[in-house]
Amino acid sequence: MSPAKLPWAGLLALFTAAFTAVMTELLPAGLLPQLGRALDVPEGTAGFLVTAYAVASFLAAIPMTALLRGLPRRQVLVAVLLGFALLNAVTAVSSSYALTFAARVGAGVMGGILWAMLVGYAARMVPAERRGRAIAIVSAGITVALCAGIPAGAQLAAAVGWRAAFGALSAVAVILVGWVLWKVPPFPGEPAARRVPLRRVAVIPGVRIVLSVTVLVLLGHQAMYTYLALFAEHAGFGRAGTVLLVFGVATVAGIWVVGAVIDRRPRATLLAVLAVVAGAMLALGLYAGSAGVLLGAVVLWGAAFGGAPTLLQTALIAASGPDNADVATSMQTTVYNAGIAAGSLTGGLVLEGAGAGALPWAALPAAAVALAVVAVARRHAFPPAGTRAARTRASTAAAPVRALRTTDGTAARR
């Protein structure tokens, strides 16, 4: 199947769903003064609206995915989008902090369900040999929202008010429902007789290794990225905003590059990405006092990290099989958020204890260990392209995964 024959309209609908979810989650972070005044609470209390979404998404991903596995996939996707539309509309009109907080919790639950199913949905829409490209297209919605959507939303809120910004998000979700019904194909839910229990998905060869690498990558990244502006100031680079902008633009480029090569050499690309991240941390630790080295390392780090989530998601789908993708990606959503939390905490402790200059040295070990794990995990999690292991995994992923009953009553995977 050539790139021109990818189901672009359907994949772009999923791209827009990812964009909408990120906007819903993070737009309040830039509007805390306005939200605090409108809801009559301090800015710190208004900040809990962001926390509420994140915690609800973290807690809901696995149990809600397990609960909804048997339902038709497009119906679940449409219900989630309608949930975003309703809850963003409630946020737009609410003058009560309690009601707004409840709406944010509900939106977080919707987000947990959406992130658990988007990647698996994209994987099922294309042949196995185009799976990585499809996932890259959908995942780009996250980066576009971070780099362009959030700043644009903040500008819209400044111009016409924060309520109008949330109203616009609600309208986008409603329009997206029609787009999904028009262009995204329906897929059935998992019949109970074929449903692999969550614990069995977790022990499929390769799944736990990919999840472990995901935690390591996010821990190292977030330990540095959370405090990048402070690190830039410590290094003597006075334009911290420029560093963040450079990083954001580089991530977009990284997604594009990885999307072009991921289906041909996924293992080699992931190894290169992790090596670049580790090298960038080393350069920042040794030579950040040079503005050229600082910006160059940030560009390389941003480009490499931009493609890392897509590579890890693709590896997880290949290891688990598309029929188990929703469950596997719900686990990845949970460990992804755990990695973000652990990385931010680690970076904060290092910042308080040793100062900003030590941050790259806190991030480097996690990146190096992730690189080492991928290097040795050649059999199940990250097999080289063209090897027997890769072909076996691809054929297994393309076939239905059935939960059978063995003689001792336990579930077995075929």
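The expected span of a helix is 1.5 Å times one less than its number of residues. In this predicted model, that rule can be applied to helix α7, which covers residues 162-183.

**Helix α7**
- The 22 residues of α7 should span 32 Å, and the end C-alpha atoms lie 31 Å apart, which agrees.
- Buried positions in α7 are Trp-162, Ala-165, Phe-166, Leu-169, Ser-170, Ala-173, Leu-176, Val-177 and Val-180.
- These residues cover an arc of only 145° around the axis, and therefore they sit on the same side of α7.
- Ile-175 and Trp-182, by contrast, are exposed on the other side of the helix.
- The cover over the buried residues of α7 includes α1, α2, α4, α5 and α6.

**Nonpolar cores**
- The largest nonpolar core holds 59 residues, and those with the most contacts inside it include Val-217, Met-281, Leu-284 and Trp-301.
- Each of the helices α8, α9, α10, α11, α12, α13, α14 and α15 supplies at least two residues of this core.
- Helix α13 (291-320) gives the largest share of the core, twelve residues.
- Leu-284 touches Met-224, Phe-231, Leu-294, Ala-297, Trp-301 and Pro-360, leaving aside residues up to four places away in sequence.
- Another core, of 57 residues, lies apart from the largest one; among its members are Val-22, Leu-39, Ile-113 and Leu-169.

**Glu-25**
- Glu-25 belongs to helix α1 (residues 8-26).
- Glu-25 is buried but has no salt bridge, and the nearest side chain of opposite charge, Arg-104, is 6.8 Å away.
- Beyond residues up to four places away in sequence, Glu-25 touches Val-50, Tyr-53, Ala-54 and Arg-104.

How values were computed
Residues numbered from 1 in each chain as written. Predicted model: local features only at pLDDT ≥ 70, side-chain atom pairs only at ≥ 80, totals over all residues. Heavy atoms only, no water. Helix = DSSP H or I, 4+ residues; strand = E, 2+ residues; numbered from the N terminus. Buried < 20%, exposed > 50% of the residue type's maximum accessible area, 1.4 Å probe, protein only. Lys, Arg positive; Asp, Glu negative; His and termini not counted. Salt bridge = Lys/Arg side-chain N within 4 Å of Asp/Glu carboxyl O. Contact = heavy atoms within 4.5 Å. Arc of directions from axis to C-beta. Core = buried A, V, L, I, M, F, W, Y, C linked by side-chain atoms within 4.5 Å.
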